[in-house]
Amino acid sequence: MGSYDGAESCELVGAYLLYLIKERFRDTCDFALYRDDGLGVSKVTARQTDLIKKKLCTIFNKNCLRITIEVNKPRVNFLEVTLDLKNGTHRPFSKPGNIPLYVNSKSNHPPRILQNIPKSINKRLFEISFDKESFEQAAPLYHHALYISGYNHTLSFSSQSARPSYSRKNRS
């Protein structure tokens, strides 16, 4: 932690551990990992989930690592998103006291970069919001951060932010 190549080491160790975990729990669970944050989902009973937790701790202990695991939660905050497994919804999440900080609009960055900062924040907020209500609950925090950075942009849940349709393009 804190070393020159810490991020790269974290990715490598994480990939190795994810491999071990997927080999062990291939049929019962799905796991995801981003740097030092992981998420697992299973459709097994609460008792079986507790057993999986103990086995995960064993895998980490064998590799001289410690892990903190919370199981049987219907709602979880992962990175910048709150995932609600009961309702099948998701919404933006920000840790209490965390205030976003953006490049000032008067900085010496290229004009295209400065123009796209509010648009990209709007797009990201739209994509991690399940519906308009969750978007509007999260928007004031980001709107205030943009205002402090000198941007006069109103975040909106609109069709111009529409989710892209992913169509496969084949080369000719």
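Glu136 and Lys132 pair up in a salt bridge, with 4.0 Å between the closest N and O atoms. Here a salt bridge means a side-chain nitrogen of Lys or Arg within 4 Å of a carboxyl oxygen of Asp or Glu. Both residues sit in helix α4 (residues 132-148), four residues apart, or about one turn of the helix. Helices (H or I, at least four residues) and strands (E, at least two) are DSSP runs, numbered from the N terminus.

A note on what you are looking at: this is a predicted model, in which local features need pLDDT of at least 70 and side-chain atom pairs count only at pLDDT 80 or more, while totals for chains, interfaces and linings use all residues. Residues are numbered from 1 along each chain as its sequence is written, and side-chain values use heavy atoms, leaving out hydrogens and water.

The structure has five salt bridges in total. Another of them joins Arg124 to Glu80, with the closest N and O atoms 3.0 Å apart. This pair links distant parts of the chain, 44 residues apart: Arg124 belongs to helix α3 (residues 111-127), and Glu80 to the loop between β3 (75-78) and β4 (81-84). Glu70 and Lys73 also meet through their side chains, at 3.1 Å from N to O.

How accessible are these residues? The table uses relative accessible area (buried under 20%, exposed over 50%, partly exposed in between; 1.4 Å probe, protein chains only).

| Residue | Relative accessible area | Class |
|---|---|---|
| Glu136 | 48% | partly exposed |
| Lys132 | 45% | partly exposed |
| Arg124 | 26% | partly exposed |
| Glu80 | 39% | partly exposed |
| Glu70 | 59% | exposed |
| Lys73 | 40% | partly exposed |
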